Amino acid sequence: MANSAQPLENNQENQGGVRVTRTTLADGRELIYFDDDPAYVSGEKTRQLHDSRELPAARTISEMRRDPLTGQWYAYAAHRMNRTFMPPANENPLAPTRPGELPTEIPADDYNVAVFENRFPSLSMHMDVAEDFATRVDGEELYPRLPAKGRCEVVCFTPDVELSFRDLPFRRARTVVEAWAHRTRELSQLPGVRYVYPFENRGAEIGVTLQHPHGQIYAYPYLPPRAKEIAAQAAAHRQETGEDLFDSILKAEQASGRRIVSTGEHFTAFVPAAAKWPVEVMLFPHRAVADFAELTGEEKDELTRMYLDLLQRFDRFFEGVEKTPYIASWNQAPMGPERTNGRLHLQLFSMMRSPDKMKFLAGSESGQGAWISDTTPERIADRLVEIGES
């Protein structure tokens with residue numbers, strides 16, 4: 001691609017008041033800018049599109065194998081062993097590319113929100129699959145094997161490495177939500193994709209390898225265990241009661257009120273009655289919304305405000321802890337026949353059980369998936385409500 005700061009017409013679109021600009025990195029991976037800055041929305045300014053690095057073409061060798069004992073698929077991506085780990089500040093790959101500094105994954109010297117294909121993905125479409133690819137391990141029918149064809153994207157929330165999502169102004173956080181909707185819509189249409197999963201890991205305590213505020217989106221070629229279990233439970237509930245499982249949960253929580261954290265016109269935040277993490281809350285839409293792409297503008301606005309509020313409550317949960325490590329898990333409806341048995345909802349949780357002490361998943365949890373909690377959902381809800389006005 002020629003070195004140019006002027007994006008081509010067909011590289012741009014507008015969505016929800018956000019200018020979307022596409023380009024390709026030096027190795028063929030896609031990069032997309034999401035700009036809410038008025039100067040960029042109007043087209044008065046444009047982002048740098050040219051990646052000055054010399055990189056080999058993106059090629060990934062990843063595979064999946066199915067465990068005959070559980071029926072679950074596992075991905076194997078040996079190239080990730082050498083992925084970037086806690087680089088020094090001057091080698092931050094998620095920072096803008098500034099004059100006189102090393103070029104990064106983002107060619108522009110600034111950005112609002114940026115999304116690009118992961119350089120070290122678990123799942124990828126940049127894969128040359130041999131015609132004689134062995135679809136069985138050791139030729140055994142018992143062990144199916146497939147190419148791990150999907151997509152892994154990185155979502156950079158801000159160019160400021162010192163911030164967290166909770167620190168974003170409403171407009172910028174709303175742009176991230178718009179990016180999630182945009183990417184969900186497109187990734188859902190990739191051949192073979194069954195499930196699109198936006199998420200954020202925050203905190204070295206849970207294995208974050210880059211401190212820059214960012215999230216990820218995985219487009220799986222199979223249903224992950226949780227999504228599969230939810231779809232199965234929803235189908236069974238509908239068959240047994242004639243009701244939608246998500247509506248039933250929402251009605252039960254609203255009727256009780258005991259674990260409600262906050263309520264809006266379109267969403268309700270509550271600690272689930274069977275919460276298993278030391279700190280956990282869910283955010284449910286009031287109507288049957290399959291994914292981010294189906295949200296209205298008003299729903300996106302409220303979701304943004306309520307999500308920012310929940311993140312701020314999380315960071316006040318423990319005395320003396322400025323940043324509670326967490327996973328923000330955005331569940332969406334699957335593609336295919338299970339789609340009617342899913343609904344967009346957030347599961348926000350932390351493994352921290354007390355200040356500077358983490359819950360480790362030992363024998364019962366890791367070995368058998370048999371959960372034992374050190375607190376109760378009601379105590380979690382009481383604390384989240386208590387700190388809401390701080």
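I began with the second largest cavity, which is lined by Gln 12, Arg 19, Thr 21, Asp 35, Tyr 40, Gly 43, Lys 45, Thr 46 and Arg 47. A cavity here is a set of points, on a 1 Å grid over the protein atoms alone, where a 1.4 Å probe fits but cannot get out, and a lining residue has an atom within 4 Å of a point. I noted that this is a predicted model, in which local features need pLDDT of at least 70 and side-chain atom pairs count only at pLDDT 80 or more, while totals for chains, interfaces and linings use all residues. Residues are numbered from 1 along each chain as its sequence is written, and side-chain values use heavy atoms, with hydrogens and water left out.

**Cavities**

I read off a volume of about 40 Å³ for the second largest cavity; a volume is the space filled by probe spheres set on the points, which are joined across faces, edges and corners. Its lining divides into 1 nonpolar, 4 polar and 4 charged residues. For these classes, Ala, Val, Leu, Ile, Met, Phe, Trp, Tyr, Cys and Pro count as nonpolar, Asp, Glu, Lys and Arg as charged, and the others, Gly among them, as polar.

I searched the whole structure and found 2 cavities of 30 Å³ or more. The largest cavity holds about 60 Å³. Among the residues lining the largest cavity are Tyr 195, Ala 227, Ile 230, Ala 231, Asn 331 and His 345. Helix 3 gives the largest share of that lining, 3 residues. Helices are DSSP runs (H or I, at least four residues) and strands likewise (E, at least two), numbered from the N terminus. The lining of the largest cavity splits into 6 nonpolar, 5 polar and 1 charged.

**Largest pocket**

I then looked up the largest pocket, with a volume of about 1400 Å³. A pocket is an open set with protein on both sides within 12 Å along at least five of seven lines. It is lined by 41 residues, and Pro 225, Arg 226, Ala 227, Asn 331 and Gln 347 are the closest to its centre. Elements giving two or more residues to this lining include strand 9 (195-202), helix 3 (225-241), helix 4 (245-256) and strand 15 (345-350). Helix 3 supplies the largest share, 6 residues. I counted the lining by class as 27 nonpolar, 8 polar and 6 charged. Domain 1 (12-222) and domain 2 (226-387) each give at least three residues to the lining of the largest pocket; the bounds come from an automatic or database domain assignment.

**Nonpolar cores**

Which residues touch the most other members of the largest nonpolar core? Among its 58 residues, they are Phe 165, Trp 180, Phe 292, Trp 330, Leu 348 and Leu 384. This core lies between domain 1 and domain 2, because both give residues to it. A nonpolar core is a set of buried Ala, Val, Leu, Ile, Met, Phe, Trp, Tyr and Cys residues joined through side-chain atoms within 4.5 Å. Buried means under 20% relative accessible area, exposed over 50%, and partly exposed in between (1.4 Å probe, protein chains only).

**Positive phi**

I checked two aspartates. Asp 138, in the loop between strand 6 (113-117) and strand 7 (145-147), has a positive phi of about 55°. Asp 138 is exposed, at 74% relative accessible area. Asp 356 lies in the loop between strand 16 (352-354) and strand 17 (357-358), with a positive phi near 65°. Asp 356 is exposed, at 70% relative accessibility.
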